[in-house]
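Work through the exercises below with the sequence and the model open. Try each task before reading its solution.

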Amino acid sequence: HAVAVVRIIADQSQMSKFAYKFSNLCGAVYRQGNVAFTNDGNTVLSPVGNRISQFDLKNNKSCTFPFENRKNIYRFAVSPDGLIMIAVDEDGRALLVNLYRKVVLHHFNFKQPVYDIKYSPDGRYFAVTHGRRIQVWEAPGHSRDFAPFSLYCTFPGHYDDTLCIDWSHDSNFLAVGSRDMVCRVYSLRSIPGFHYVTLAAHRTALVACFFEDSSLNLYTVSKDGAVVVWECSATISVMQDYVRRAKQPAPTEEEEKESDAG
């Protein structure tokens, strides 16, 4: 059983009264959830029950954050700048946490179990598995809405629960693995003629998918241990050109007449 360690702070005005402050959690072990490194690579974050523990690999120290979810944490994601964390429990209830202050900023309920959650490399969005769909939310601080979470878009297409997510290096494409043994690649931006790409070769449910760094080549891993490598015929720079063209506004009639006259 885990034992909570608390610091006893004596009130100088009244020595008979004590204030208790959570310090660490001893005896707890890892059971489920993902593990993440901080940006400097010296610290590992790991779920321990309904809390998050931090292990300092450089100084051989550990501590447990004071906040806690209602139930055991199943997935969590840390923003690329290392300041914000989203921790989701088994029921889909999430906490938005300031890692620097170690305080809870917001409570949110995804209303379904979340099997994976990941920030985009540019930190502007985070993607969440949501049943047979994928929800992409604008990250806190990157939208003009009052609510901390603002839904950006939803990607359908799978025939069973979505289980794993990965972002491309440029944050424009999203790979999604599902229990239906298929991986699909979606574009965050609207590209004419591009809907999504379906990659099917596995015999069991997918458990992980990974983009190569600075490439659209993809690795998919299934529950039976099979790994499939998918090579993209287009380079990431070519696809970025398509994305930039899609962002540009359509020319007006006057501009088209001027170009024809020129």
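**Exercise 1.** State how many bridges join strand S20 to S21, and find the partner of leucine 218 in S21.

Solution. Step 1: strand S20 covers residues 218-222; strands here are DSSP runs of E with at least two residues, helices are runs of H or I with at least four, and both are numbered from the N terminus. Step 2: S20 and S21 run antiparallel and are joined by four bridges. Two strands count as paired if DSSP finds at least two bridges between them. Step 3: leucine 218 has tryptophan 230 as its bridge partner in S21.

This is a predicted model, in which local features need pLDDT of at least 70 and side-chain atom pairs count only at pLDDT 80 or more, while totals for chains, interfaces and linings use all residues. Residues are numbered from 1 along each chain as its sequence is written, and side-chain values use heavy atoms, with hydrogens and water left out.

**Exercise 2.** Give the order of the strands in the open sheet of three strands, and name the edge strands.

Solution. Step 1: the order is S19-S20-S21, and the pairing is antiparallel. Step 2: strand S19 (206-211) and strand S21 (227-230) each pair on one side only, which makes them the edge strands.

**Exercise 3.** Classify the aromatic pair of phenylalanine 155 and tyrosine 186, and say which parts of the chain the pair ties together.

Solution. Step 1: a pair of aromatic rings is described by the distance of the centres and the angle of the planes. Rings of Phe, Tyr and Trp (its six-membered ring) pair if their centres lie within 6.5 Å; planes under 30 degrees apart count as stacked, over 60 as edge-to-face and the rest as tilted. Step 2: the whole structure has 13 aromatic pairs. One of them, tyrosine 119 with phenylalanine 126, is tilted, at 5.8 Å centre to centre and 50° between the planes. Step 3: phenylalanine 155 and tyrosine 186 are stacked, with 4.8 Å centre to centre and 20° between the planes. Step 4: phenylalanine 155 lies in strand S14 (residues 150-155) and tyrosine 186 in strand S17 (residues 182-187), so the pair ties together parts that are 31 residues apart in sequence. Step 5: phenylalanine 155 is buried, with a relative accessible area of 11%, and tyrosine 186 is buried at 2%. Buried means under 20% relative accessible area, exposed over 50%, and partly exposed in between (1.4 Å probe, protein chains only).

**Exercise 4.** Is aspartate 166 buried or exposed, and which backbone nitrogen lies 2.6 Å from a polar atom of its side chain?

Solution. Step 1: aspartate 166 is found in strand S15 (residues 162-167). Step 2: aspartate 166 has a relative accessible area of 13%, so it is buried. Step 3: the nitrogen belongs to phenylalanine 211. Step 4: beyond its neighbours within four places in sequence, aspartate 166 is in contact (heavy atoms within 4.5 Å) with residues including Lys118, Phe173 and Phe211.

**Exercise 5.** Is aspartate 213 buried or exposed, and with which side chain does its own side chain make a polar contact?

Solution. Step 1: aspartate 213 is in the loop between S19 and S20. Step 2: its relative accessible area is 61%, so aspartate 213 is exposed. Step 3: its side chain makes a polar contact with the side chain of histidine 169, at 3.0 Å. A polar contact is a pair of N or O atoms within 3.5 Å; within protein, one must be able to donate a hydrogen and the other to accept it, and residues adjacent in sequence count only if both atoms are side-chain atoms.
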